[in-house]
Amino acid sequence: MRFIACIAACAALALSQAHGQTAAPYEGPLFDTHLHYNQEAWDGTAGSFPPTEALARMQRNQVKAIIANSRPNAGTQTLAAARETRAAGVTVVPFVRLYRNRDDYNNWFRDESIHEMVLAELARGTASGPYRGLGEFHLYESANANGPVAKKLIALAEEKKLAVLAHVDDVAVDLLMANAPSKGRALRLIWAHTGIGGTPVERVQAMLERYPLLMGELSYRPGLTCEDGRLCPEWRALILKHPDRFMVGSDTWVNQRWSAYDEIMRGYRTWLGDLPPAVAQRIAWGNAAALFDLR
Ligand SMILES: [Zn+2]
């Protein structure tokens, strides 16, 4: 009888889990690994998100640490120095953004003045300590990964053990890795969006296996979630296969993302609930915390 009861109950449980009906949202801390505090968020004319507002959003979503990178770097410097940051219990992991303005998006990889700006910013550091990475940068054409300044910055990042946050396609990841002195074995590359153009899951998996320090940040990743914001089966399988390689981020690239910050974090908590708790904790917090030696 008990066996029969289990068959029925267990089948029902498996079915409801498969449909994501019983998985509760992840409730632990979050590490926002793709946060911009750009000028328009705080400049006072258009800016509706002064530090108190930005930090209130992090605090109420249990975002305990952020990779901060901002156009221009003044936004990151502000968060790194703000009284409110400490009051909110948020650890700032600062990255040097390669952009002073919008024009730099299309030119940074060949503009020597960007290289100089990066060196000056690294020398200056922040009130939250030294910069830990470079980026986010974009390459709208993969071949620009071979631009002279892109090459120099990749070599610099590897040498100084700085992470790079790269919004690029899979072809450009290969080129950037090839330009690293280690040929990609020792470059800490955080792949922003893990292929925003929808790089096939099998290709993502092959890249993770080829490059031991490649990490995938999952904002805007097409095909990640399916019905009701739950993980799609092929992504769930990939994450379970490589639980130490993925992270989450808000990508507050426009103010609308600050407006939607609560919703974005709620979305992550929903699908993180589809994973075993220990795996969810790694994706939400542990992988990034390990990368930057946070407690
Ligand atoms: Zn971004």
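Colleague: Is H138 buried or exposed?
Modeller: H138 is buried, its relative accessible area being 7% (buried is under 20%, exposed over 50%, partly exposed in between, with a 1.4 Å probe and protein chains only). This is a predicted model, in which local features need pLDDT of at least 70 and side-chain atom pairs count only at pLDDT 80 or more, while totals for chains, interfaces and linings use all residues. Residues are numbered from 1 along each chain as its sequence is written, and side-chain values use heavy atoms, without hydrogens and water.

Colleague: Where does H138 lie?
Modeller: H138 belongs to strand β4, residues 133–138 (strands are DSSP E runs of at least two residues, numbered from the N terminus).

Colleague: And which residues does H138 touch?
Modeller: Leaving aside residues up to four places away in sequence, H138 touches R97, Y99, Y105, W108 and H167 (heavy atoms within 4.5 Å). With H167 there is also a polar contact between the two side chains, at 3.5 Å (N or O atoms within 3.5 Å, one able to donate a hydrogen and the other to accept it; residues adjacent in sequence count only through side-chain atoms).

Colleague: Changing topic: what coordinates the zinc ion?
Modeller: H34 and H36 each contribute NE2, E136 contributes OE and D251 contributes OD, at 2.0 to 2.5 Å (donors are N, O and S atoms within 2.8 Å of the metal, or 3.2 Å for Na, K and Ca; water is absent, so a site may look incomplete).

Colleague: How are those donors spaced along the chain?
Modeller: The spacing of the zinc donors is H-x1-H-x99-E-x114-D. Of these residues, H34 and H36 are both buried.

Colleague: What is the order of the strands in the sheet?
Modeller: The sheet is open, has eight strands and runs β1-β2-β3-β4-β5-β6-β7-β8, with parallel pairing (a pair needs at least two DSSP bridges). The edges are β1 and β8 (246–247); each has a single partner strand, so one side of each lacks a neighbour in the sheet.

Colleague: Why is β2 largely enclosed?
Modeller: Strand β2 covers residues 63–68, and five of its six residues are buried, so the rest of the structure largely encloses it.

Colleague: Which strand does β2 pair with over four bridges, and in what sense?
Modeller: Strand β1 (residues 30–35) pairs with β2 in the parallel sense over four bridges; D32 has I66 as its bridge partner in β2. Four bridges also join β2 to the parallel strand β3, residues 91–96, where P94 stands opposite A68.

Colleague: How many bridges join β5 and β6?
Modeller: Three, in the parallel sense, between β5 (residues 163–167) and β6 (residues 189–191). V164 has L189 as its bridge partner in β6.
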